[in-house]
Amino acid sequence: SPETAPQKKPVAEQAPAEVKKPVAPPPEKPASTPGLPPATKPRPTARDGEGVTRQARVTLPPEWKDPLSSFSRLLRGELGLQRIMFVMLTQDRKQASVVHLIGVDTHSGLRRFSLKISGKNLFTILLSKQQGFWLKPANREKFLPLVPEHVVESIDKEGFFCMSLFVDEKPVGFIYADGKSAMNEENYTQFKQLCAGLCSDL
């Protein structure tokens, strides 16, 4: 019987060896932290406006530059209008972006003017046929709500002239012009005439 007692000691010595195995897993926990980066995915902002994600790429035909420049000089020199903008449709006519600007300061929202041609708003209605529009005190309450929210802060809410341009009986875009002292009936009539002449030159 004295010889069997020492045989239990080796069994006790094996126990510590088994305890060391569970100690290894803890270092693996830090490996689960790289799951955070996916949360940094960008989200669209309200500033983009409904249906507008980024400014559409539209290229002004080189042969249109001179007629547009001459037209803009007439609006500013003869009619006293201040800011002139030509917004052109993309080839698929699903979006429109500014391609020509005169009299606009560096930080103006008109420099980023872009909209989706869908739904009912002032500009989609304007582009349905060749026609002009004058926002003025008498109709502001009715028509200003038709201006897309992401555009309304860039335009002159006191008043502006606007007219769609058609070439070969198809819409190509529209002209926007403003200038507080130039908003009158005579100038609006001349503005429409000059826009009609521009269509013939394009």
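Q: Is Ile125 buried, partly exposed or exposed?
A: A friendly note to start: this is a predicted model, in which local features need pLDDT of at least 70 and side-chain atom pairs count only at pLDDT 80 or more, while totals for chains, interfaces and linings use all residues. Residues are numbered from 1 along each chain as its sequence is written, and side-chain values use heavy atoms, with hydrogens and water left out. Buried means under 20% relative accessible area, exposed means over 50%, and partly exposed is in between (1.4 Å probe, protein chains only). Ile125 has 33% relative accessibility, so its class is partly exposed.

Q: Which residues does Ile125 touch, leaving out those up to four places away in sequence?
A: Ile125 sits in helix α3, residues 122-126 (helices are DSSP runs of H or I with at least four residues, strands are runs of E with at least two, and both are numbered from the N terminus). A contact means heavy atoms within 4.5 Å. With residues up to four places away not counted, Ile125 touches Lys120, Gln131 and Leu146.

Q: How far apart in space are Ile125 and Leu146, C-alpha to C-alpha?
A: Leu146 is one of the residues that Ile125 touches. The two are 21 residues apart in sequence, and their C-alpha to C-alpha separation in space is 9.5 Å.

Q: Which residue's side chain makes a polar contact with that of Ser97?
A: Ser97 is in strand β2, residues 95-102, and it counts as buried because its relative accessibility is 1%. A polar contact is a pair of N or O atoms within 3.5 Å; within protein, one must be able to donate a hydrogen and the other to accept it, and residues adjacent in sequence count only if both atoms are side-chain atoms. At 3.0 Å, the side chain of Ser97 is joined to that of Ser114.

Q: How many bridges join β2 to β3?
A: Two strands pair if DSSP finds at least two bridges between them. Strand β1, residues 83-89, pairs with β2 in the antiparallel sense over six bridges. Strand β3, residues 114-116, also runs antiparallel to β2, and the number of bridges joining them is three.

Q: What is the phi of Arg93, about how many degrees?
A: Arg93 lies in the loop between β1 and β2, two strands that form a hairpin with five residues between them. Its relative accessible area is 35%, so Arg93 is partly exposed. Although Arg93 is not a glycine, its phi is positive, at about 60 degrees.
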